[in-house]
Amino acid sequence: MHLRELGALWRRLVALGLALLLVDGCGSAQQIATSLPSSPSANPTTSRADPVTPGPTDSPVRAIREYAVPAGSHPHDVSPALDGGVWYTAQQVGKLGHLDPATGSVREIPLGSGSAPHGVITGPDGAPWITDSGLNAIVRVDPATDEVRTFRLPAERSGANLNTAVFDPSGVLWFTGQSGIYGRLDPASGAVTVFDAPGGRGPYGITSTPAGEVWYASLAGSHIARVDRASGTATVVEPPTGGQGARRVWSDSDGRIWVSEWDAGQVARYDPVAGTWREWRLPGDRPMAYAVFVDDRDVVWLTDFGGNAIVRFDPTSETFESIPLPSSNAAVRQLHGRPGELWGAESGADKLVVVTGG
């Protein structure tokens with residue numbers, strides 16, 4: 001090839017960027033996202049693979065983008081807001097944050113002295129609801145006025161180490177605490193009820209199924225449990241792998257429970273109707289499955305601390321796709337999303353991250 005032809009080829013590569021696809025023997029693709037410089041006039045930074053013409057075995061092109069939040073905030077959980085923004089818990093500074101993805105602007109709302117917020121969800125009223133381990137309380141923030149309302153646990157339930165929450169179909173909020181409790185809050189009356197978890201320490205992630213069942217995962221107990229909403233009683237269900245460290249849970253549209261198994265580096269699925277389990281090990285040498293989220297198409301997403309990646313799992317083909325995170329040691333502790341967008345909180349990088357192109 002002549003030098004002139006080499007020069008033309010080089011200019012084409014620079015103009016188009018490099019999209020690297022590693023295709024396995026089954027035809028599934030693992031996308032490597034290349035870092036692009038951020039715009040000098042905006043906070044967001046983007047890492048993506050440039051468009052390619054999909055072949056019959058190619059996966060869709062996905063884009064991954066980061067947004068900086070105030071340094072030292074240590075964002076822990078995220079939840080899409082109804083206004084198109086994203087709520088996040090700024091755990092180290094005791095605040096609730098709101099990101100506007102269109103502009104990259106962030107506002108933060110102090111939650112009170114001693115606050116250390118862990119989880120956040122957007123409730124049926126459109127407000128962010130927070131599990132705050134520092135305040136030992138459930139906190140609601142009015143999205144219009146930023147007014148903070150606190151629902152404290154009973155005094156005898158101090159040190160609950162509150163983690164995550166979910167609303168059931170009747171509008172009751174259920175929550176977990178790693179000290180060995182789970183509980184419920186009736187927003188209408190403000191009444192808070194706390195239950196002792198079977199097996200003691202460990203309740204962490206929690207989810208509600210389309211049928212209204214409430215399930216939580218016990219990290220220290222290495223099990224999941226179904227909560228009877230009427231009595232409050234929890235029934236333990238043991239995964240096939242012992243000591244797997246069930247961390248977070250999410251229901252799919254059929255009411256099957258997906259579990260991130262932290263200590264085993266696996267994702268598991270429990271079918272409550274059939275009473276059956278399936279488990280799959282994440283790719284990589286030392287996977288550490290932290291968060292799990294099931295999107296509107298029943299695709300399963302996880303975060304892998306060992307690979308510093310977001311991992312996509314297709315339950316139909318039983319194949320994984322690992323998407324490297326642009327920031328090193330990002331430590332994405334939770335995932336949430338809306339159609340076409342997967343959001344995560346990079347607690348180790350003081351950033352939020354979004355994956356599009358599902």
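Analyst: Two strands count as paired if DSSP finds at least two bridges between them, and strands (E, at least two residues) are DSSP runs numbered from the N terminus. This is a predicted model, in which local features need pLDDT of at least 70, side-chain atom pairs count only at pLDDT 80 or more, and totals for chains, interfaces and linings use all residues. Residues are numbered from 1 along each chain as its sequence is written, and side-chain values use heavy atoms, with hydrogens and water left out.

User: In E17, which residue is the bridge partner of Leu185?

Analyst: Strand E16 (residues 181-186) and strand E17 (residues 191-196) run antiparallel and are joined by six bridges. In their hairpin, four residues lie between the strands, and Gly190 takes a positive phi near 80°. Within E17, the partner of Leu185 is Val192.

User: Which are the edge strands of the open sheet that contains E10 and strand E13?

Analyst: The sheet has four strands in the order E10-E11-E12-E13, with antiparallel pairing. Inside that order, strand E11 (residues 128-132) and strand E12 (residues 137-141) pair over four bridges, and Ile130 has Val139 as its bridge partner in E12. The strands that each pair on one side only are E10 and strand E13 (148-152).

User: Which residues lie nearest the centre of the largest pocket?

Analyst: A pocket is an open set of points on a 1 Å grid over the protein atoms alone where a 1.4 Å probe fits, with protein on both sides within 12 Å along at least five of seven lines, and lining residues have an atom within 4 Å of a point. The lining of the largest pocket has 15 nonpolar, 12 polar and three charged residues. Of its 30 lining residues, those nearest the centre are Ile121, Val166, Thr207, Trp250 and His336.

How values were computed: Nonpolar A, V, L, I, M, F, W, Y, C, P; charged D, E, K, R; others polar.
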